[in-house]
Amino acid sequence: MNEKRYIRLDELDAGHPLRKHPFEATNLGVPDGYFDALPHQIQERVVTKQHGWSINWSWQRSVASLAGAGLVAALVWVTWPARQDSLGQESLADVSNTAITNYLDEQGVSSMDLADYTPIQQSFEPEAIETQLQDVNPEVIQQEIDLDVVAEDMANANS
């Protein structure tokens, strides 16, 4: 690449322009007050270069900023979780007991885990059963009873 080449003045020929004193070329010598004004000149140059931090804005930066904001908005849109409403009683009534049992088996929930679950234990208390059976109609119960199963149970009990 670009390697800096250091110049050693003592290796240059005596007639080389870099070996001459800068003010000897004019044959006037050092100007009057040059070294008195030098610190002030250097400070002025430094102050003019220290305008602070600035950005040169271009259309490419505008496009890049808009693309970045669009990407963030797209990621938020895609990954934002949808709100799920609670399931109604009708949809849960359509689920069979075997499907529930299979699901619990797949999840690794045993019947002992369910037996230890406090809300299930509370549902078998006498007060809870009375509350559940308040609106039960005897005609509905008779419609749900399978007479063949009852006859088999009675036959097995007598034998």
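A: Let's start with one term. Helices here are DSSP runs of H or I with at least four residues, and strands are runs of E with at least two.

Q: How many helices and strands does the protein chain have, then?
A: The protein chain has 9 helices and 0 strands. From the N terminus on, its elements run α-α-α-α-α-α-α-α-α.

Q: Where does this model come from, and what is the mean pLDDT?
A: This is a predicted model. The mean pLDDT of the protein chain is 80. Of its residues, 86% reach 70 or more.

Q: Which elements have the lowest and the highest mean pLDDT?
A: Helix α3, residues 89-93, has the lowest, at 69. Helix α2, residues 59-79, has the highest, at 92.

Q: And what does a low value mean for a reader?
A: Where pLDDT is low, the predicted coordinates should not be read in detail.

Q: New topic. How much of the protein chain is buried?
A: Of its 159 residues, 1% count as buried. The chain exposes about 15,800 Å². Carbon and sulfur atoms supply 57% of that area.

Q: Which residues form the nonpolar patch on the surface?
A: Phe 124, Ile 129, Leu 133, Val 136, Ile 141, Ile 145, Leu 147, Val 150 and Met 154. Together they have about 850 Å² of accessible area.

Q: Which element gives the largest share of the patch?
A: Helix α9, with 3 residues. Val 150 has its place in α9. Val 150 is partly exposed, at a relative accessible area of 36%.

Q: Tell me about α9. How many residues does it have, and how far does it reach?
A: Helix α9 covers residues 147-158, which is 12 residues. From first C-alpha to last it reaches 17 Å, close to the expected 16 Å.

Q: Last one. How many aromatic pairs are there?
A: The count comes to 1 aromatic pair. The rings belong to Tyr 34 and Phe 35, with centres 5.1 Å apart.

Q: Why is the pair edge-to-face?
A: The planes stand at 80°, and over 60 degrees counts as edge-to-face.

Q: Are those two residues buried, partly exposed or exposed?
A: Tyr 34 is partly exposed, with a relative accessible area of 30%. Phe 35 counts as exposed, at 56%.

Terms used: Residues numbered from 1 in each chain as written. Predicted model: local features only at pLDDT ≥ 70, side-chain atom pairs only at ≥ 80, totals over all residues. Heavy atoms only, no water. pLDDT = per-residue confidence, 0-100. Expected span 1.5 Å × (residues − 1). Buried < 20%, exposed > 50% of the residue type's maximum accessible area, 1.4 Å probe, protein only. Areas by Shrake-Rupley, 256 points an atom, 1.4 Å probe, with all protein chains shown as cover. Patch = residues over 30% accessible without salt bridge, like charges linked within 9 Å, V, L, I, M, F, W, Y side chains within 5 Å. Salt bridge = Lys/Arg side-chain N within 4 Å of Asp/Glu carboxyl O. Phe/Tyr/Trp six-rings, centres within 6.5 Å; stacked < 30°, edge-to-face > 60°.
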